[in-house]
Amino acid sequence: MKIQGQQSGRFRRGFSLIELIGVLAILAILIGLLLPKMFDAISQAQLTTAVSIILGIKNTTMSYYGQYGRFGDANGNVITSTNDPAALNWGTQVLLKAGYLENPVRTPIASSAVVRLRPVLAANTAPTAANSAYNIDGFDPLLNDAQDGRWVVEVFLTDVAVEQAEELNLRIDRQPVTLDADGDEQGRVKLIPKPGVCDVLVYIAHR
């Protein structure tokens, strides 16, 4: 009976300081290993959502064009000015108001997302961060493939993390890119570098 009492007493005692330190060290190592994977999984999920939203915008854009044969205002009328609110925020002022979208355009990777119309440029225009020229196929050096129309429809994303912008470019253009001071102006995705982040332009359509 005495021996059993000593054993039960020994099992009832708490952890020693050394044992607690060991447990905490193991937990710290596990957290250090798991956190990056968790953050990466969250980032990948956000990118998947962003790509899905962009594809949804393309589908609704083509539905609008199928109905009116142009990219115009909420009633299908021609937009004549680039300063028209319908051109500056085509997603909200047209697609949302006309019922093509159920909610305002938002993505989890950007601080803001705007669908807008910009004027079509000549074929020999070099794509830049400031213009609406797009080297859509990514093959012709500095040539605009978004031509022979009235408007270019694009999504403008602001303040996207560099890593997510590069991954978005890879998912849409299927071409890896490493962002530098000059950004990336080829393909359907144009990256515009800013301190610590970048803005992103995504080609949707032109007609």
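**Notes on the sheet, its strands and the aromatic pairs**

1. Let's start with S4: this strand is mostly covered, with nine of its ten residues buried. Buried here stands for under 20% relative accessible area, exposed for over 50% and partly exposed for anything in between, using a 1.4 Å probe and protein chains only. Strands and helices are DSSP runs numbered from the N terminus: helices are H or I with at least four residues, strands are E with at least two.

2. A word on what you're looking at: this is a predicted model, where local features need pLDDT of at least 70, side-chain atom pairs count only at pLDDT 80 or more, and totals for chains, interfaces and linings use all residues. Residues are numbered from 1 along each chain as its sequence is written, and side-chain values use heavy atoms, with hydrogens and water left out.

3. Now the sheet. Four strands make an open sheet in the order S1-S2-S4-S3, with antiparallel pairing. Two strands pair if DSSP finds at least two bridges between them. At the edges sit S1 and strand S3 (189–194), each of which pairs on one side only. From one strand to the next the twist averages 25 degrees. As background, strands of a sheet pair through backbone hydrogen bonds, either parallel or antiparallel.

4. Going through the pairs: S1 and S2 are antiparallel over eight bridges, and Arg118 has Val152 in S2 as its bridge partner. S2 and S4 also pair in the antiparallel sense over eight bridges, with Ala161 partnered by Val197 in S4. S3 and S4 run antiparallel and are joined by six bridges; here Lys190 has Leu201 in S4 as its bridge partner. The hairpin of S3 and S4 has two residues between the strands, and Gly196 takes a positive phi near 80 degrees in it.

5. What lies across the sheet strands S2, S3 and S4? That's helix H5 (residues 162–173), which runs at about 145 degrees to S2. Axes are lines fitted to C-alpha atoms, for helices over the stretch in contact, and the angles run from 0 to 180 degrees between N-to-C directions.

6. Asp199 is worth a click. This residue lies in strand S4 and counts as buried at 10% relative accessibility. A polar atom of the Asp199 side chain lies 3.0 Å from the backbone nitrogen of Asp159, and a polar contact of 3.3 Å joins the side chains of Asp199 and Lys194. (A polar contact is a pair of N or O atoms within 3.5 Å; within protein, one must be able to donate a hydrogen and the other to accept it, and residues adjacent in sequence count only if both atoms are side-chain atoms.) Leaving aside residues up to four places away in sequence, Asp199 touches Phe156, Leu157, Thr158, Asp159, Lys190, Leu191, Ile192 and Lys194, where contact means heavy atoms within 4.5 Å.

7. On to the aromatics. Rings of Phe, Tyr and Trp (its six-membered ring) pair if their centres lie within 6.5 Å; planes under 30 degrees apart count as stacked, over 60 as edge-to-face and the rest as tilted. By this rule the count is six aromatic pairs. Take Tyr65 and Phe71: their ring centres are 5.4 Å apart and the planes are at 55 degrees, so this pair is tilted. Tyr65 is partly exposed at a relative accessible area of 25%, while Phe71 counts as buried at 2%.

8. Tyr134 and Tyr203 are tilted too, because their planes are at 55 degrees, with the ring centres 5.5 Å apart. This pair links distant parts of the chain, 69 residues apart: Tyr134 is in the loop between strand S1 (112–119) and strand S2 (151–161), and Tyr203 is in strand S4 (residues 197–206). Both Tyr134 and Tyr203 are buried. There's also one aromatic cluster, formed by Tyr64, Tyr65, Tyr68, Phe71, Trp90 and Tyr100.

9. Two charges sit over rings, too. Lys190 lies over the face of Tyr134, at 4.4 Å from the ring centre, and Arg116 lies over the face of Phe156, also at 4.4 Å. The rule asks for NZ of Lys or CZ of Arg within 6 Å of the ring centre and within 35 degrees of the ring normal.

10. Last, some backbone angles to check. Asp148, in the loop between S1 and S2, has a positive phi near 55 degrees without being a glycine, and counts as exposed at 72% relative accessibility. Arg174, in the loop between H5 and S3, isn't a glycine and has a positive phi of about 60 degrees; at 64% relative accessibility, Arg174 counts as exposed.
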